[in-house]
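User: Please take a close look at a single part of this model and describe it in one connected account. Which elements and residues build it up, and how are they arranged?

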Amino acid sequence: MSDKLQAPKGTFDVLPASSTQRDALVEQIAAPAFARAGYSRIDTPIFEDTALFARGVGESTDVVSKEMYTFLDQGDRSVTLRPEGTAPVCRAYAEHGMHKLPQPVKLWYQGPFFRQEAPQAGRFRQFFQIGAEALGSDDPALDAESIVLLARLLEAAGATDTTLRISSLGSKSERQAYSQELKTYLRENERQLSADVLARIDQNPLRAFDAKHEGTQAVMEAAPRLLDAISVEDRAHFDEVLALLDAAQVGYEVDSTLVRGLDYYTRTVFEFTSPNLGAQAGVGGGGRYDGLVELLGGPPTAGIGWACGVERVLAAAELSTEPEPTANTDVYIALDDDADRSAAFTVLLKLREVHGLSAQIELAGRSMKGQLKQASRIGAKVLVIFGGERGQYDAAVKNLQTGEQQELDGLTAGDYFDRIAERVLAGVKR
RNA sequence: GUGGGCGUAGCUCAGCUGGUAGAGCUCCGCGUUGUGGUCGCGGCGGUCGCCGGUUCGAAUCCGGUCGCUCACCCCA
């Protein structure tokens, strides 16, 4: 075991048993919902110029400062495995001049993301996200639409007991002023704060709201709230978002302590959590990021989006019944000791290619009993036996559902396929 | 990075106070049978994570190390 290679720390193999439900989440639940809401699929590179995240997500964030997989390529360019999807989508928006398209531009994506953190329940180094970004409009209805989209997605996936927390971070200027005020407050109470909160007062004081440390939480209860400091316009925008959520009958909790760890967020921020997830309770979250596109070299552009973790959604949905990959093989070709293997192989390919059937042939040297067992194990409807018992027949076609079997003799190179195929098709259709 | 729990067969696990490894499931074969199910019998499969120490003898005790896992932190 010691020298056996294994998947890198924090990564996992998606085995056949679980790939079915993962695919279903993306293809049967997410994709149709996005299509109905006017979102188009976008795929950005798995790695990007490191500067994209440094600038877009923020140098001081944990994600950028200590969790990125960054390396130099052969040309000494610093590249980074994408830790999140919003910055790349905004880069693509700016790079391809999407501001010239009818606004807003709605995009969705799905794929792996990378963060070098200590793995634990619900947290991986390579994880999969489904995300949605809508750029080019700051209409509160877009915020509401985006949030409702995620709410419905979670519901459809089976994560029905989630909680939505929502708040507004206001605009940059108020946030900066508030940040100063909060720093002062924290300094006044620094004796009760935990060491790591204390160490980050200058970097990101808002983080203190997230701490689980008791003393810190006591201090934060009485701390000034950003939601009380935002501008009249931002407050009106936020109230409109809430009103639309009410209209959509999406329940929420306004939580003025809600903090997001990425620098680009402005105004609306939200997060869905699930009680059956352990410490990493967030299943999905996001917010508005007016200004990000401009920061990345594009025109001033409003934007809002979210991402949800595929592994977390699935865990929150508590899919108890692990559906075995439904076996739906049409034909299984069994080989007796004296089978004409060449003829069997030809029939196998023709059944697949001419008749479009799913056909498998014996490949493991099993006994006839073992081959029968294998055929029923993979759900074959029809069995073709080549060889026959002691040469009593050249081939036999057995309907595995009814048990009836027809034996064919005198097969010649010219007509064996048609005669077998005729009987196979009759059996498959039944 | 820090702390708790755990590393025995492909999977789930047993193995008390030290005597050089077991079960169930899976897989393969044989018999039974309705060519597949059931049942019966048999087989494949492990340097007990790794290294060192104590001992006549270590899966078991001690130390170290690696890995997994949960939590802190952070986030999806």
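Analyst: Two strands are taken as paired where DSSP finds at least two bridges between them, and helices (H or I, at least four residues) and strands (E, at least two) are DSSP runs numbered from the N terminus. The model is predicted, so local features need pLDDT of at least 70 and side-chain atom pairs pLDDT 80 or more, while totals for chains, interfaces and linings use all residues. Residues are numbered from 1 along each chain as its sequence is written, chains are lettered from A and ligands numbered from 1 in the order in which they are written, and side-chain values use heavy atoms, without hydrogens and water.

Strand 3 and strand 4 form a hairpin with five residues between the strands, where aspartate 76 takes a positive phi near 60°.

Of the atoms of RNA strand B that come within 4 Å of the protein, 61% belong to sugar and phosphate.

One phosphate oxygen of RNA strand B lies 2.5 Å from a polar backbone atom of serine 367, whereas arginine 200 places a polar side-chain atom 2.9 Å from a phosphate oxygen. Lysine 398, by contrast, has a side-chain N or O atom 3.4 Å from a base oxygen of RNA strand B.

Strand 6 (126-135), strand 10 (282-288), strand 11 (303-309) and helix 13 (368-377) each supply at least two residues of the surface near RNA strand B, and helix 13 gives the most, with seven residues. By class, this surface has 14 nonpolar, 17 polar and 17 charged residues, where Ala, Val, Leu, Ile, Met, Phe, Trp, Tyr, Cys and Pro count as nonpolar, Asp, Glu, Lys and Arg as charged, and the others, Gly among them, as polar.

Notes:
Near = heavy atom within 4 Å. Polar contact = N/O pair within 3.5 Å; in protein donor to acceptor, adjacent residues only side chain to side chain.
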